[in-house]
Amino acid sequence: MTTNTQNRGGARLGAGRKKNSGKFKEDTKVMRVPLSLVGTVASTLEVYKSQLKSDMEVLKPDFDAPSLSIPIFSSRVQAGFPSPADDHLEDQLDLNKHLIHHQESTFFVRAQGESMLNAGIHPGDILIVDKSLPAKSGKIVIAVVDGEFTVKRLYKYKGKVSLKAENPEFKDIEINEGSELIIWGVVTSVIHQYV
Amino acid sequence: MSKPNQQKFALVDCNNFYASCERVFDPKLAREPIVVLSNNDGCVIARSNEAKSLGIKMGTPYYQVKDLIIDKSVVVKSSNYPLYGDMSSRVMKVISQYSPVQEVYSIDESFIDLTGFTINLNTHMQALKNQVKSWTGIPVCVGMGSTKARAKLANRIAKIYPKFNGVFDIDSLPNDRFKKLLNSVEVAEIWGIGHKSAQKLEQIGINTAYDFYKADIGIIETLLGVNGKRIYRELYGHSCLAIEEIPPARKQIVSSRSFGLDLSDFDEINQALTSLTRRAVSKLNSQSLATTSMSVFIYTNPFKKNTPCINLSKTIGMSAPINDEGLLIPLCSKLLKQIYEPGYKFYKGGVMLGNLTPDKNQQDLFAVGQNRTELKKHPYGNTLRYASELGNDRWLPRAEFQSNRFTTCWGELLIV
């Protein structure tokens with residue numbers, strides 16, 4: 001029988017290592033390398049091998065795939081009567097635009113205490129403070145007196161500077177020679193929420 | 001004064017930026033020594049001048065200087081990046097009013113191009129310095145020069161010598177004075193000379209900026225390559241490095257943290273990584289990017305003796321770009337499940353999104369996530385959480401000394 005002879009000796013189907021199961025996970029080839037380069041080639045192969053061994057599990061990478069953009073039709077199909085208001089559309093009102101003139105220098109600060117009640121500043125209100133505005137007499141300011149923050153009305157008169165409370169139960173602060181005053185910013189609005 | 005055809009750059013650099021931010025909202029600290037600690041209160045990453053003169057070095061672990069800090073009553077702050085980031089963008093916007101060409105170089109530095117300006121540049125930059133200070137409360141110094149490397153050097157001078165009032169033009173310096181200045185600068189302090197390059201240079205006896213300046217250009221090029229050559233030429237006033245107005249697109253997004261304390265429990269680590277993934281995805285979406293690979297990693301503290309050390313990570317690639325946190329969060333948990341090994345104390349973990357591509361929704365017929373989910377955009381986005389994000393929050397980094405997020409959080413406004 002011919003099958004008998006085929007089973008004896010020679011290459012057998014399915015024998016040996018599985019294809020691509022070696023350390024490089026692909027076919028390899030024998031090659032002559034000059035002695036002086038053996039180290040370099042070996043270390044290159046080591047690096048390559050370590051990359052193969054790395055924990056990268058790639059599902060289906062195709063990083064070089066050309067980008068393809070399919071245009072989207074953005075204009076809607078006009079069905080029905082055009083709106084008579086279209087020509088009269090205006091921007092909606094934006095409180096930010098109304099209240100904030102210098103975005104970079106505007107900060108929100110929360111008030112506490114009742115010293116400015118008569119100026120409409122209640123405890124818990126949010127003050128809009130602009131650091132860029134000049135501290136003119138009569139403005140409500142955030143001041144730093146000897147390192148402490150306070151909100152008061154600034155008065156400058158004949159070389160004297162004072163910070164006035166807007167509530168008769170509170171004392172004004174006179175700025176004397178020894179104390180240090182920094183105007184941190186000018187209060188431009190108060191946000192008082194009822195609900 | 002500059003010649004008409006000469007290029008002119010300015011580097012605007014905030015003085016002790018993090019410490020200055022803290023001072024804006026706490027004026028009591030004006031003359032106090034301040035240090036700011038890195039994430040998780042590990043190391044000193046910023047110092048006020050007062051803290052510098054106490055000899056506290058950059059990068060020192062907190063515990064090493066704790067005694068000195070208590071002894072000299074140094075004010076300690078945990079880093080408050082929401083505050084610093086917001087203050088930085090305010091400073092950058094003010095700077096942008098002074099030149100049509102601006103490069104935001106780092107959180108506290110910006111280059112601007114002043115080439116062709118016919119006005120008095122010193123006056124112009126004094127106005128910039130004063131406006132930044134009065135609008136934001138942050139002090140800055142300005143260095144000017146015919147190249148970016150020279151502007152950077154000039155900034156150093158502006159910072160050191162009060163007589164220049166915070167603004168200095170290095171091109172106004174006579175040649176002999178310029179050389180004397182270079183002699184006082186270490187080669188590692190030249191802009192663009194990194195730690196490794198400096199070591200190479202020091203090996204052949206180039207220790208100061210002046211040694212570098214008078215060295216042979218061929219030697220510099222052999223040693224440091226074309227980048228070193230560029231910096232060399234920049235010092236001589238040949239502009240080789242242009243202003244980069246558009247920041248180069250990100251190659252990868254990493255979101256990682258040292259945990260508040262070592263974690264061993266799977267659910268606790270998963271909670272941390274879910275939060276970190278959400279953070280990474282929100283960065284991804286804010287830049288309109290999508291990712292095609294995700295890595296998850298956790299490791300034990302390599303410095304801790306007598307405990308087993310392990311470093312675990314796994315990366316997965318995707319067939320189509322993804323930008324949906326609803327897909328990436330389960331993927332993160334899946335990867336974590338594969339690498340997690342019980343019995344170790346993990347001290348740090350994170351996720352990395354790699355191979356970023358512009359987010360084009362219709363790129364691929366098989367692409368997923370056309371209706372991407374991002375809880376942040378939901379009306380209750382600030383309170384909604386993924387289930388895996390819930391837990392005991394033990395992973396949260398320590399930030400014992402953090403000031404309020406005065407400018408980004410309604411509940412933490414300055415109170416007067």
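Okay, let's start with Val33(A): at a relative accessible area of 33%, Val33(A) is partly exposed, meaning between the cut-offs of under 20% for buried and over 50% for exposed, with a 1.4 Å probe and protein chains only. Before I go on, this is a predicted model, where local features need pLDDT of at least 70, side-chain atom pairs count only at pLDDT 80 or more, and totals for chains, interfaces and linings use all residues. Residues are numbered from 1 along each chain as its sequence is written, chains are lettered from A in the order in which they are written, and side-chain values use heavy atoms, with hydrogens and water left out.

So where does Val33(A) sit? You'll find Val33(A) in the loop between helix H1 (2–7) and helix H2 (38–53) of chain A; helices here are DSSP runs of H or I with at least four residues, and strands are E runs of at least two.

Chain A as a whole has three helices and eight strands, and 23% of its 195 residues count as buried.

Over to chain B. His124(B) is in helix H5, residues 121–136, and counts as buried at 16% relative accessibility. Setting aside neighbours within four places in sequence, His124(B) contacts (heavy atoms within 4.5 Å) Tyr98(B), Leu114(B), Phe117(B) and Ile119(B).
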